[in-house]
Each structure stands twice: as C-alpha cells, then as structure tokens.
Amino acid sequence: MSSTRIHKVAVIPGDGIGIEVTAAAIEALKTVQAKVGGFELVFTEYNYGSRLYKETGSYTPKDWLDTLSRHDAIFFGAVGDPDVPDHISLWQLILPMRYMLDFFQYVNVRPSIVFEGIDPPTRCATPAGGELDWVMLRENTEGEYAGQGGRSHVGHPHEVATEVAIFSRIGIERFLRFAFETAQNRPRKLLTVVTKSNAQRYGLVLWDEVAAEVAKDFPDVDAMTVRMVSKPQTLDVIAATNLHADILSDLAAALSGSIGIAPSSNLDPTRKAPSLFEPVHGAAFDIMGKDLANPVAAIWSASEMLRWLGEDRAADLVYEAMKSSLRAGKKTRDLGGTLSTTEATKAICDLIQEIE
Ligand code: ATP
Ligand code: MG
C-alpha cells in the first residue's frame, strides 16, 4: 500500500496583489503536486486582512493562532490598506504569527539571485565569475524591533524618545547556528555576519562574541564579521540583525532586478510552530486588480515551502520552471516584459509539466 504524505497548508491571501500572487502560487503548487505525486497539499484558506479589519475592528477572528498552529506551513500573500496605518496589521497579524504560541519563527530567509534573462539595475559579479547569489538571513524576533522604549515630556520642545534594541545570548546564538548551517550547506561555505559593533558598546559587541564562539563548531565554514557591507561580490550567506537585514534585503531585492521576484521564509527551525512563506513585497495598491503583479516572488516562496516540507523534487521543479521561464523572456512589466500575472503564471505551470 502506498502512503501519501499529507501537508496541511494554511493560506492567507490578504489584500491587494497578495490575493493575485497567492492564487498564482497555489496554481503552481497544484500543478507540481499532480505531476510529482506521493504527497498531497491540503489547503485551507483564511480571510485575515484589511476587509475583516474594516468589518470587525480586527485583522483576525478569535482563536486564530490555535487554528494556524494546527497546520504544517502557512502561505501568506500580503496585507495592507491605503486607509489603515501599517502598524495595525503589523501588531495585530504579522508579529503575533511570528511569535506564535511561544514558538518563534526566529529566522527570516531572503535569497537574492540575478537570474539569466533579467537585467538588474546594477551588475554585481561574484569572484567565481557568476552573478550575485546571496542568502540574507534576518534575525526575526528581537533587536531593534523589540518594541521597547518610551517617550517623556510628550509634546514639549525637549521631548525625548528611546527605542531600545534587545539582544539575548540565546536569541543570537540560535539564529547564528542556523546561519552557519545554511552556509555549510552551500558550495562556497562563506558566512558574513554584519554588525556595527565599532559604533556600539553592548548589543552588537555581544553579536561579535557569540559569532566567534559558534564559529568554533563550524570549522569548515569561512566566517567573517564585517562592520558594514562594502564588497557585495564577496558575499554568500549574510546574517544580520532585524533592522540591518531589513534594509540590506530590500537593497538585495532591488539589485537582483525587482522586488517582484524576492521570496522570503519565516522559519521556526525547531519545527514546533508552522513556518511561514511569503513574497517580500507588499499589497501594492498601485497595480492591484490589473493582472500586472509579478507572480515570481510568490511562486519562489512556494518552492521554498515545498523544500521545508521535505518535498525536494517538487521544490526543484517549481524553481527550475521559474528560472527557465525568466530565461525565455517570459517576464512581467516590472522586469521590462509584457506578460500579465495570468500569462506569467501559465508559462511557469506549463514548464513544470514539461521539465523532466
Ligand atoms: P510594504 O507593504 O512592505 O510596506 P510597500 O507597500 O511600500 O511595502 P509594495 O506594496 O511592496 O510596497 O510596493 C512597492 C512598489 O513595488 C510598488 O510600486 C509596486 O507596484 C511594486 N511591486 C511590488 N510587488 C510587485 C510585484 N509582485 N510585481 C510588480 N510590481 C510590484
Ligand atoms: Mg504596504
């Protein structure tokens, strides 16, 4: 008797183009599932997002985290609304998912590659002669976005505000271990830990110290700490704090051609909580509903989800189809092409069926 591997996936399309690109990703996932076989993705869709907020005052219903925690993975589109300040969806929806039920998605993974067929705004060659090929790892639960601080003398000319970055040895160490493992599994085995410890006295100094300690357990990884990124072509895996990696990964996405191709994974490496996969871009109201959104970021994120679920062959197929499609010039407008979301998605799904 053959047994099918079942993966329960919570799908949160959200708002704006989040809805369009999530549909594209699900189509690619269903195509690869039918082709490869041996596993089944059971999708359950949830309507969390700005419409729910406008109706009920909350981005999510009751017990939503319990509901989500019963899945093996979460696929997320994007949330946001022109009439609702971003911090509301951040604090009501995005951050609680990241801190789900005491288990943390403490690593945010953001690969950037210059694919054949894409003309990036700036060319960045690697020493090996290839193009830029980075994995940016962002510490996802502490640092500068810990929400600690306060304001005094509010409204007074001498008002003072503090925003305190929190760094814990446990938080840094579990994150950097994942970073070393990631580097160990790549051909170049090169890890760059970015800090700014020359200008600080405590937090990032602890980062440098923990990095040096963890490095001893990974003698085969070439690890260095740079105080700022100065030579992009010498980079492979980059690990940085919440704030620094937030900025650096947006830059990396732009350098690789368009934010419309940048994927991301929010991982709980302990696997106690479901990990979350999403395109880096937002709800993009300027192009929503026009069939213009680039589906590549969402489809690449779906490939990363398959890999996390252990479906390597399916993950490879989706990734290769996406790459070949770009190489063949099947591009949306953000990459200088003419294809609609629907056409670009169909091109990738056709290739999933064709590639051996
Ligand atoms: P965030 O929601 O993270 O704050 P944002 O709202 O500032 O981000 P996005 O929604 O990501 O920004 O959009 C930024 C710009 O990039 C917009 O002009 C948008 O049209 C474009 N863009 C974003 N995603 C895509 C995509 N998938 N395809 C094409 N263009 C995109
Ligand atoms: Mg936005």
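Q: Which strands does helix α7 lie across, and at about what angle does α7 run to β5?

A: Please keep in mind that this is a predicted model. In this model helix α7, which covers residues 242-255, lies across β4 (107-113), β5 (133-139), β8 (190-194) and β10 (237-240), and α7 runs at about 155° to β5.

Q: How should I read the sheet, and in what order do the strands stand?

A: Strands of a sheet pair through backbone hydrogen bonds, and this pairing is either parallel or antiparallel. Here 10 strands form an open sheet with mixed pairing, and their order is β2-β1-β3-β12-β11-β4-β5-β10-β8-β9. The edge strands, each of which pairs on one side only, are β2 (39-45) and β9 (222-226). From one strand to the next, the twist averages 20°.

Q: How does strand β3 run relative to β12, parallel or antiparallel, and how many bridges join them?

A: Strand β3 (residues 73-78) and strand β12 (residues 275-279) run parallel and are joined by 3 bridges. To find this pairing in the structure, you can look for Ala-73, which stands opposite Ser-275 in β12, and then for Ile-74, whose bridge partner in β12 is Leu-276.

Q: In which sense do β11 and β12 pair?

A: Strand β11, made of residues 263-267, pairs with β12 in the antiparallel sense, over 4 bridges. One of the residues to look for is Pro-263, which has Pro-279 in β12 as its bridge partner.

Q: Why is β12 described as largely enclosed by the rest of the structure?

A: The description follows from burial: 5 of the 5 residues of β12 are buried, so β12 is largely enclosed by the rest of the structure. Ser-275, Phe-277 and Pro-279 point one way from the strand, whereas Leu-276 and Glu-278 point the other way, and all of them are buried.

Q: How should I read a helix such as α8, and is it mostly covered or exposed?

A: An α-helix has 3.6 residues a turn, so residues three or four places apart point the same way. Helix α8 (residues 296-308) has 13 residues and reaches 18 Å from its first C-alpha to its last, close to the 18 Å expected at 1.5 Å a residue. It is mostly covered, with 12 of its 13 residues buried, including Trp-300, Met-305 and Trp-308.

Q: What do the buried residues of α8 pack against, and which residue with a positive phi follows the helix?

A: The buried residues of α8 pack against α1 (17-36), β3, β11, β12, α9 (312-327) and α10 (341-354). After α8 comes Gly-310, whose phi is positive, near 90°.

Methods: Residues are numbered from 1 along each chain as its sequence is written. Chains are lettered from A and ligands numbered from 1 in the order in which they are written. This is a predicted model: local features need pLDDT of at least 70, side-chain atom pairs count only at pLDDT 80 or more; totals for chains, interfaces and linings use all residues. Two strands pair if DSSP finds at least two bridges between them. Helices (H or I, at least four residues) and strands (E, at least two) are DSSP runs, numbered from the N terminus. Axes are lines fitted to C-alpha atoms, for helices over the stretch in contact, and angles run from 0 to 180 degrees between N-to-C directions. Two residues are in contact if their C-beta atoms, placed from the backbone, lie within 7 Å. A residue is buried if 20 or more other C-beta atoms lie within 10 Å of its own, exposed if 12 or fewer, and partly exposed in between; C-beta atoms are placed from the backbone. The expected span of a helix is 1.5 Å times one less than its number of residues.
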